[in-house]
Amino acid sequence: METNSYLIKVKDLCTYFYTDEGTVRAVDGVELKIRSGETLGVVGESGCGKSVTALSIMQLIPSPPGKIIRGSILYQNNKGESLDIVQLDPRGKKMRSIRGGEIAMIFQEPMTSLNPIYTIGDQIIEAIMTHRNMTRQEAREHAIRMLDRVGIPGPKQRINEYPHQLSGGMRQRAMIAMALSCHPNLLIADEPTTALDVTVQAQVLELMKELQQEFGMAIMMITHNLGVIAETADNVSVMYLGKIMEYASAHDLFHNPLHPYLKALLRSIPSLAGKGQKLEVIKGMVPDPLSFPQGCRFAPRCRYARKICKQEDPPAVEIEKGHQVKCWLYQ
Ligand SMILES: Nc1ncnc2c1ncn2[C@@H]1O[C@H](COP(=O)(O)OP(=O)(O)OP(=O)(O)O)[C@@H](O)[C@H]1O
Ligand SMILES: [Mg+2]
């Protein structure tokens with residue numbers, strides 16, 4: 001059965017924010033699927049709904065003003081049960097054992113998951129003791145090992161420090177240590193390397209790969225950086241204004257991009273465009289999230305847009321096995 005072969009399967013997910021100015025349809029019909037041990041890359045411009053998708057999976061959407069209004073997030077838990085996360089009580093026992101334990105998240109902004117009034121050690125130890133069967137002493141030793149593995153020097157001392165005593169890059173690494181310390185089935189990494197310099201970035205990606213092989217963990221890698229995608233992802237979902245425009249293997253994404261948005265995105269990257277070639281700017285502005293265009297959301301900026309594109313939203317179609325696109329050019 002197809003559903004059983006996926007660790008997580010997101011179907012028609014819609015997460016909206018009801019603000020004083022109007023409704024923001026941040027995530028609007030998103031489909032995602034990830035197998036155990038797989039890395040799914042999620043790319044797209046700022047504001048397209050990557051973080052909101054991740055927070056929906058964790059049941060961490062601030063409510064109000066946010067709400068998951070439709071769709072399902074099917075997840076196979078450690079006991080082999082198939083659960084729909086959308087139906088679980090965000091504060092209930094089942095969700096609390098999934099969140100931070102079976103599914104862990106590295107947040108885009110480290111201070112959202114590190115509490116300033118506790119030492120990083122206390123926070124990591126607390127997480128370990130909540131989700132794994134360890135004594136405080138064992139948890140402490142495990143935390144020190146994890147801090148060491150993410151490249152924090154002097155972990156025995158550092159474990160007693162408060163978040164503000166660490167640099168931005170160190171904080172990011174402490175958060176990564178916390179997320180990985182419970183050996184999650186799925187790690188959601190939301191721009192995990194943006195706060196890090198390039199050498200540390202490579203180290204952190206390498207570490208995530210190592211742990212993935214060790215524990216068979218799946219990763220949802222959210223990033224603007226197509227270099228990181230090329231480096232880490234098996235499959236990739238390309239997002240634009242709350243919708244998935246294309247899904248392909250990382251190889252096909254770079255060698256056979258289909259959607260005009262993805263093509264333009266690839267032409268706008270210096271190293272991929274090739275020497276001497278003119279870089280492309282995607283024309284037009286990202287539309288106001290309060291009033292998305294009718295039809296395909298990319299149509300106002302698309303050089304191929306026809307009449308139908310401005311009237312009706314195209315369905316996703318499978319062009320080859322494992323390669324889907326949502327564009328009228330391919331219907
Ligand atoms: N708490 C909130 N209240 C109102 N709108 C919100 C809230 N959180 C997110 N949004 C809106 O949802 C949309 C998607 O935001 P999201 O943070 O998911 O973007 P993103 O793809 O992660 O962008 P970035 O690459 O900049 O991190 C944006 O229009 C954003 O303004
Ligand atoms: Mg984000």
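Strand β1 (8-19) and helix α2 (50-57) each supply at least two residues of the shell around ligand 1, helices (H or I, at least four residues) and strands (E, at least two) being DSSP runs numbered from the N terminus. The model is predicted, so local features need pLDDT of at least 70 and side-chain atom pairs count only at pLDDT 80 or more, whereas totals for chains, interfaces and linings use all residues. Residues are numbered from 1 along each chain as its sequence is written, chains are lettered from A and ligands numbered from 1 in the order in which they are written, and side-chain values use heavy atoms, with hydrogens and water left out.

**Ligand 1**

- The shell comprises 16 residues, the closest being S46, G47, K50, S51 and Q108; a residue is near the ligand if one of its heavy atoms lies within 4 Å of it.
- Helix α2 gives the most to this shell, with three residues.
- By class, the shell holds seven nonpolar, seven polar and two charged residues; Ala, Val, Leu, Ile, Met, Phe, Trp, Tyr, Cys and Pro count as nonpolar, Asp, Glu, Lys and Arg as charged, and the others, Gly among them, as polar.
- Polar contacts (pairs of N or O atoms within 3.5 Å) include one of 2.6 Å between an oxygen atom of ligand 1 and an N or O atom in the side chain of S46.
- A polar side-chain atom of Q108 lies 2.8 Å from a ligand oxygen, and a polar backbone atom of V52 is 2.9 Å from an oxygen atom of ligand 1.
- Of the 640 Å² of accessible area that ligand 1 has on its own, the protein covers 71% (Shrake-Rupley method, 1.4 Å probe).

**Salt bridges**

- The whole structure contains nine salt bridges, each a side-chain nitrogen of Lys or Arg within 4 Å of a carboxyl oxygen of Asp or Glu.
- R70 and D12 pair at 3.0 Å, N to O; R70 lies in strand β4 (residues 66-76) and D12 in strand β1, so the bridge ties together parts 58 residues apart in sequence.
- E45 and R301 meet at 3.3 Å, N to O; E45 lies in the loop between β3 (39-43) and α2 and R301 in the loop between α12 (270-273) and β11 (317-320), so parts 256 residues apart in sequence are tied together.
- R301 counts as buried at 10% relative accessibility, while E45 is partly exposed at 22% (buried is under 20%, exposed over 50%, partly exposed in between; 1.4 Å probe, protein chains only).
- R25, D28 and R297 are linked in a network of salt bridges.

Definitions and conventions:
Polar contact = N/O pair within 3.5 Å; in protein donor to acceptor, adjacent residues only side chain to side chain.
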